[in-house]
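Please open the model in your viewer and keep the selection tool at hand. The stops below go from one selection to the next, with a short account of what to look for at each.

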Amino acid sequence: MHTNTRILAHNFVYHEPKTLDEALTLLDKHKPGIKILAGGTDVLPKMKRNHFECERLMYIKNIKELSFIDNSNGLKIGAATLLSDLEKSPEIKQNYHALHEAIKAIGAIAIRNMATIGGNICNAAPPADTVPALLIFDAQLKLVKLGGERTVPLNQFITGAEQTIIEHGELLHSIEMPELTGGLLSTFVKLGRVSVDTARINMAVAADIDGSSNTIKTARVALGAVGTKAYRCPDSEALLAGKKVDESVILAFADSLTSVCDYAIPGRYSLPYKREAVRKLAEDAFKQLLS
Amino acid sequence: MDNHFDVIGSVLPKKDGIAKVTGKEIYASDVELPDMMHAVVLRSTVAHAEIKSIDTSEAEAMGAICLVPDDVPQVYYNERIVSIPEKTYRDRLVLPRKVRHYGEAIAAVAAETEEEAFAAMQKIKVEYKELPFYTDPLEANKPGAAPIYESVFLGENKFDVVNNVACERNITVGIFNCCPTCGTRFDYSCRLDEYHCGCGIVYTPAEDDGKAFDNAEVILEKEYDLSRVYHAQMETKSAVCRPEPEGGFTLWTTTQSIHNVRILLGEIFSIPLNKINVKRVALGGGFGSSIQMNSITPICTALALKARRPVKLVSSREEDMYDHHKYPAKFKFKIGATKDGKIVAGHLTVIVGIGGHNVQAYPLLGCMAGWYASLYKFPNLKFEGTAVYTNQAPCCAMQGYGNPQVNFAVESTIDMLAEELGMDPIELRLKNYVGLGDEFWGQGPTVKSTIKSCGVEEMLERGSKMIDWYERPQPGSGDGNVLRGVGLARGFHTSGTGGPKPGEVIDYSSASVKINEDGSVDIMTPIMDHGGGTWDAAVKIVSELLKVPYEMVSLSPTDTRTTGYDVNTHATRGVYCGCGAAYHVALKVKQELLTVAGQFLEEHPHDLDLIMDKESGQGVIVTKGLDCKRMTVGEVAAKARVLSMGTIAATGSYRQKNCPPCFVTNFVEVEVDKRTGQIRVVKSVTLGDCGTTINPDMLEGQLVGGLNRGIGYSTLEEASYDPKTGKLNCEGFYDSYKMTTAVEMPPLNKIETGFASTYEPTGPFGAKGLGEAAVNSIASAIANAVYNATGVRFTKLPITPAEVVAALKAKDEGRI
Ligand SMILES: Cc1cc2nc3c(=O)[nH]c(=O)nc-3n(C[C@H](O)[C@H](O)[C@H](O)COP(=O)(O)OP(=O)(O)OC[C@H]3O[C@@H](n4cnc5c(N)ncnc54)[C@H](O)[C@@H]3O)c2cc1C
């Protein structure tokens, strides 16, 4: 054993830039051996397990430009914004409710006080809780590097378990979601072994429900932790569209999610469990949406 | 019964409460000394290997002091010296020449700071010759498996280890092991493949139950599998050792027994005990993991002696998770009964994978036999236990010491038997339980006593009302996705390890009590407090006896120099045995007090009474019957000083000669979600029988804490190993080792506790223990409730969501 809770086994040079320019310069100069540290709630456990190595580590939570919530036109969030700050935002709670619920489901308060949304995305763990919520809001990610930037959709950014298209020298700057139209209700549901736990399955659902006819006009569904990355479920979305909200549609929705599991993780050890358990999430999601 | 106490049974501020909540309490890891060095341990990255070489040259070049196997005394020891030496297995050195589990300490380094020590440690080069390793006792036990040990010591005798068997224990009662033909009984203490009876018959005793089950009308045979679990005590093991100028050393360390640590270190380092002083510091929980001397303690000592400077060694959580676990167990249980519900015979077989060292497997197997023999009356009883070495963290006692494991096997089977017989589970239990006047095996077959207090019936009756037992559903009768069920199990633990005759286990304690010159009192005790209130109990008992107000009785800081011997705060003996000693010493002080007061009041001490004067809140000595002369305790003490009459004090040792069982009855209500497989305990009723309740609030805390760990044991906790790497799957991290938090507990208003109204005549003011009993039957009750909810019986712990989903699906589809 070469780890110790109090001492990191690796030596590295530590940087604490105060501005984005400074950070991008450092990233450019020291690539590829430099890595980013935000809240450290993924990085530190990995370092202690010897699963994360770097020559240099750059801490980004002192960079003011990376921490903001802007809801003037849609929603823009700085990558280094604390989860607990996002949790407190009344606009997110009101309009992007699934994201609010997803954040609340992460860790315990101490974790949310440290962790950032950018860290949750860039860590790209299959059960990352903000990802399904961001997927149903069609999130775009703004990546910046010295002398350049690009914007990519979240579903293209994450390519697999702990894999993204981010390049050396690049930094996630912000997350952008278009303004929501109509009366989109949304929610997030999660299943873990215990309450403070990474998800065995998580799911975000949004629906535009016509109040008078109790009919779903459109729906969006994203599933996480079933496979190597979270994804939208177009078949389930199509199934819900145009349907009246009742017991039978919820059952059909649950069936469709079971099929998604069968298709996504055939033969996997966890399949027999997940294809059943996801049915409970289908029911929970609708209960919450309608409450 | 006895409810006229002044202090006992009152809820009072814990003596160490303020220090703990303000962070002022001193634990071993808080000790800071001038000129102190800091140490870290180099731990194995392989599960089983010979150490070919350890090269410390680079580390030493950095100025570090290194400790390698060549530096430590070549003394084979067992870290737990609670059993008598003849029954103690010794297989380890302070640092080994062969690695037997991943994470085992192989070298240590001290430097000016922990960081420097760590940097130097990283420079040590170790060459291993790797060997096949085993994370499953059944594999390790196979003929031809690589030997984890060639030989070990039992007492002074060296013996060869065969098929990695660390020890065996076979115990029979009744007509087991009698020749099926002529009935001659044979000695079963050593297992035989073949037995040649004098009458000419040859047969296989291990497979033969003889005539034991002949009268059984119903026979059940079941198997159970219980996981390895980590203690998860709050404080990780720590030590600070200071060599003393005149030789010897002073030690501050995490332990449940300061005296045993001193004796062991004296033996290992050949230092007389008067030159070793082990300080009593606060203990951040134990769950049994510090009954034995912790593995880092002699390492820290050896480093300090080598460096000739104080050295501090604090384990990290990862290190701690690789240091000690609860014993896993695989059981086969056969039970036979008559149609009217009388148990005829039982045959329990267990195999335990004990990890890389034999800490206390022999007494464990004895205790397992005892817990089994003492739950129900088995006229014919057979127990066969085998402990097998594996390449995993050494197992040691953990809250219950084999009892939760055995309880799960027996209480699950008893429920099944009740169903088979068409009898209510409570009725079947009442027909067969071991209770008042029966023999109780408090610490295996050699430590037995007669039960003198028993709340079993009372608790079953009260509990059944509190949970609406008779309204519970028929097993598996619910529909919908969330199934509700109610379950019951009963258990117990011993209070201490004393019997009328001392058996294989050492048990006595000591105390000093003195009345100060103002009438306040100091108690000196060697016992440790895990946080459950043992020290407060000592204060309350002395306060009650000497009629000195609770606020005026304190515990002196003590160490091994200033106290007599105490074996350990283990086996739920803190109150009954440890405080029992304080009680008996305080009785002597009371006698002395009355004698001195008698001189002042010109009365014979027999004519004096010590009472609590409610008005003044002071203890007063009064003439018996008519209260014409009186003096307060303070007045007597002050006058004794002025007249140079000496201090009113006493010191002594005391051995309890009984091991009364503290009974617990658990009723739980669960909800099982068919789709997610999640089991939620939605209501719990726990009743405890600890005799007189000395610290009612602390007792309730013990019961609720036991519930918490029991939920974890039955549904979550598992220190599982990767059979490919020999590493813990959680790698020593809490984010992967799942435990029950407050959120997984039933709502506060659904956690009900209560106590039986019993009085233990042999205990201090009628008290016995409770701590370990609090966990022993929770998992069994939960599994029984899950059966009631689902109609499916789970016999493997933890019961995982995936297993629940799979089993319920199979049931719905008619596959089981
Ligand atoms: C006890 C515990 C419980 C947890 N529970 C949950 C949970 O319930 N749900 C859940 O989803 N997660 C959970 N996590 C994981 C973790 O807290 C989250 O993923 C968190 O959001 C990570 O954010 P961070 O700021 O701490 O990231 P860090 O650990 O600092 O970084 C994570 C990764 O992202 C990279 N990174 C960070 N910011 C940027 C950026 N701006 N640009 C490029 N790369 C970047 C880092 O280099 C690193 O690879 C838990 C963790 C712990 C320790």
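Select the ligand together with I36(A), where a polar backbone atom of I36(A) lies 2.6 Å from an oxygen atom of the ligand; bear in mind throughout that this is a predicted model. Taken alone the ligand exposes 980 Å², and the protein buries 88% of that.

Now widen the selection to the whole shell, in which 30 residues surround the ligand, the closest being I36(A), G39(A), T41(A), D42(A) and T116(A). Colouring by residue type will show 17 nonpolar, nine polar and four charged residues in this shell. If you colour by secondary structure instead, the elements that give two or more residues are β2 (34-37), α7 (117-123) and β10 (171-177) of chain A, and α7(A) supplies the largest share, five residues.

Next, colour chain A by domain: domain 1 covers 13-59, domain 2 covers 75-176 and domain 3 covers 185-290. The ligand shell draws at least three residues from each of domain 1 and domain 2 of chain A, while the centres of domain 1 and domain 3 of chain A, taken over C-alpha atoms, are separated by 36 Å.

Staying in chain A, select K31(A) and P32(A), which are joined by a cis peptide bond with omega of about 5°; P32(A) belongs to the loop between α1 (20-30) and β2 of chain A. Then move to N214(A), a residue other than glycine with a positive phi near 55°, found in the loop between β12 (201-210) and β13 (215-224) of chain A. At 33% relative accessibility, N214(A) counts as partly exposed.

Turn to chain B and select F331(B), M368(B), Y372(B), F383(B), V670(B) and I782(B), which touch the most other members of the largest nonpolar core, a set of 129 residues. Helix α8 (residues 361-373) of chain B contributes the largest share of this core, ten residues. A second, separate core of 46 residues includes F5(B), V521(B), V553(B) and I648(B).

Finish with two loops of chain B. F287(B) has a positive phi of about 55° although it is not a glycine, and it lies between β17 (276-279) and α6 (296-307) of chain B. The peptide bond from L797(B) to P798(B) is cis, with omega near -5°, and P798(B) sits in the loop between α17 (778-790) and α18 (801-812) of chain B.

Note on methods: Residues are numbered from 1 along each chain as its sequence is written. Chains are lettered from A and ligands numbered from 1 in the order in which they are written. This is a predicted model: local features need pLDDT of at least 70, side-chain atom pairs count only at pLDDT 80 or more; totals for chains, interfaces and linings use all residues. Side-chain values use heavy atoms; hydrogens and water are left out. A residue is near a molecule or strand if one of its heavy atoms lies within 4 Å of it. A polar contact is a pair of N or O atoms within 3.5 Å; within protein, one must be able to donate a hydrogen and the other to accept it, and residues adjacent in sequence count only if both atoms are side-chain atoms. Accessible areas come from the Shrake-Rupley method with a 1.4 Å probe; for residues, only the protein chains shown count as cover. Helices (H or I, at least four residues) and strands (E, at least two) are DSSP runs, numbered from the N terminus. Ala, Val, Leu, Ile, Met, Phe, Trp, Tyr, Cys and Pro count as nonpolar, Asp, Glu, Lys and Arg as charged, and the others, Gly among them, as polar. Domain bounds come from an automatic or database domain assignment. A nonpolar core is a set of buried Ala, Val, Leu, Ile, Met, Phe, Trp, Tyr and Cys residues joined through side-chain atoms within 4.5 Å. Buried means under 20% relative accessible area, exposed over 50%, partly exposed in between (1.4 Å probe, protein chains only).
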